[in-house]
Amino acid sequence: MHADFWLQRWNAGQIGFHQAHVNQDLQQHWPQLGLESGARVLVPLCGKSQDMSWLIGQGCHVVGAELSETAVERYFSERCVQPHITRQGDFSVYAAQGIEIWCGDFFALTSQDIGHCTAFYDRAALIALPADLRERYMQQLEALMPRECSGLLITLDYDQSRLEGPPFSVPPTWLQAFVSGNWNITKVGEHDALHSSPKALKAGVERLDEQVYVLARKLR
């Protein structure tokens, strides 16, 4: 599930993970972050998500990070928007009104690159990563975000022995072990997502819960 895997998926059009509509949990729970208008919001591994356009509509400035140039180009072309493209180090930066997407390796981004993002939104990043990359992902997220920040995190919880990811199961016990040390974690939603996943049903998964958390960075 490393870089080549995702690039191949995008190039082959195998993007079953992409949601055609704005995520309902985002719409319901995002206001709990209480952000000011114009807040910069980091969206890691953003793909061509519809959620970014919704965030722009809420007055946020979206800062996406995406490995696949195909995904980034499709985000703008599907909206008939011609982005301004610049080269910043190892990244191509696609910018338009209310959004900039840094195309390249998320783990190579710096806080100087993305500016002062006071919030993040993660629906498909953490669950896209195998266990050996998840802890590194959280460390990178913490390096990118300022001391006072918050975010909305959406995960899946299911019996991983029944189904090979991605998306991977990220149960509450993992969050407690690897996230709670630096973040206050508040579960704000949970619902059964099994019947919306033909892949899980076919594999005989008996329970698949989508869980929604608000994370607030602990002040030291």
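Where in the fold is the place of Gln24? The place of Gln24 is in helix H2; helices here are DSSP runs of H or I with at least four residues, strands are DSSP runs of E with at least two, and both are numbered from the N terminus. Before going further, a word on the model: it is predicted, so local features need pLDDT of at least 70, side-chain atom pairs count only at pLDDT 80 or more, and totals for chains, interfaces and linings use all residues. Residues are numbered from 1 along each chain as its sequence is written, and side-chain values use heavy atoms, with hydrogens and water left out.

**Helix H2**

Gln24 is exposed, with a relative accessible area of 65%. On the scale used here, exposed is over 50% relative accessible area, buried is under 20%, and partly exposed is in between (1.4 Å probe, protein chains only). His29 also lies in helix H2, but at 4% relative accessibility His29 counts as buried. Contact means heavy atoms within 4.5 Å, and by that rule His29 touches Leu152, Val188, Gly189 and Val212, leaving aside neighbours within four places in sequence.

**Helix H3**

Helix H3 covers residues 50-57, and Asp51, Met52, Trp54 and Leu55 are buried in it. These four cover an arc of only 160 degrees around the axis, which puts them on the same side of H3; the arc is that of the directions from the helix axis to the C-beta atoms. What do the buried residues of H3 pack against? They meet helix H2 (24-29), strand E1 (40-44), strand E2 (61-66), helix H4 (69-77), strand E5 (99-103) and strand E6 (119-122).

Both ends of H3 have something to look at. Ser49 caps the N-terminal end, with a side-chain oxygen 3.0 Å from the backbone nitrogen of Asp51. After H3 comes Gly59, whose phi is positive, near 95 degrees.

**The sheet**

Nine strands form an open sheet with mixed pairing, in the order E3-E4-E5-E2-E1-E6-E7-E9-E8. Strand E3 (84-88) and strand E8 (183-192) stand at the edges with a single partner strand each, so one side of each is left without a neighbour in the sheet. From one strand to the next, the twist averages 20 degrees. Two strands pair if DSSP finds at least two bridges between them. Strands of a sheet pair through backbone hydrogen bonds, either parallel or antiparallel.

At the E3 end, five bridges join E3 to strand E4 (residues 91-96), and the two run antiparallel. Five bridges also join E4 to E5, again antiparallel. Some residues that face each other across these strands:

| Residue | Opposite residue |
|---|---|
| Arg87 | Ser92 in E4 |
| His84 | Ala95 in E4 |
| Ala95 | Glu100 in E5 |

Two helices pack on the sheet. H4 touches E2, E4 and E5, and its direction makes about 160 degrees with that of E5. Helix H6 (residues 131-144) touches E1, E6, E8 and strand E9 (208-217), and its direction makes about 160 degrees with that of E1. The axes are lines fitted to C-alpha atoms, for helices over the stretch in contact, and angles run from 0 to 180 degrees between N-to-C directions.

Now for the turns. E3 and E4 form a hairpin with two residues between them, and Gly89 in the turn has a positive phi of about 60 degrees. The hairpin of E4 and E5 has two residues between the strands, and there Gly98 takes a positive phi near 80 degrees.

Over in strand E7 (residues 150-158) lies Ser150. At 12% relative accessibility, Ser150 counts as buried. Not counting residues up to four places away in sequence, Ser150 touches Leu33, Leu35, Thr118, Ala119, Phe120, Leu215 and Ala216.

**Aromatic pairs**

How many aromatic pairs does the structure hold? There are eight aromatic pairs. Rings of Phe, Tyr and Trp (its six-membered ring) pair if their centres lie within 6.5 Å; planes under 30 degrees apart count as stacked, over 60 as edge-to-face and the rest as tilted. The rings of Phe76 and Tyr94 have their centres 6.2 Å apart and their planes at 15 degrees, so the pair is stacked. This pair links distant parts of the chain, with Phe76 in helix H4 and Tyr94 in strand E4, 18 residues apart. Phe76 is buried, with a relative accessible area of 3%, and Tyr94 is buried, with a relative accessible area of 3%. Ring pairs link Tyr75, Phe76 and Tyr94 into a cluster.

Technical notes: A polar contact is a pair of N or O atoms within 3.5 Å; within protein, one must be able to donate a hydrogen and the other to accept it, and residues adjacent in sequence count only if both atoms are side-chain atoms.
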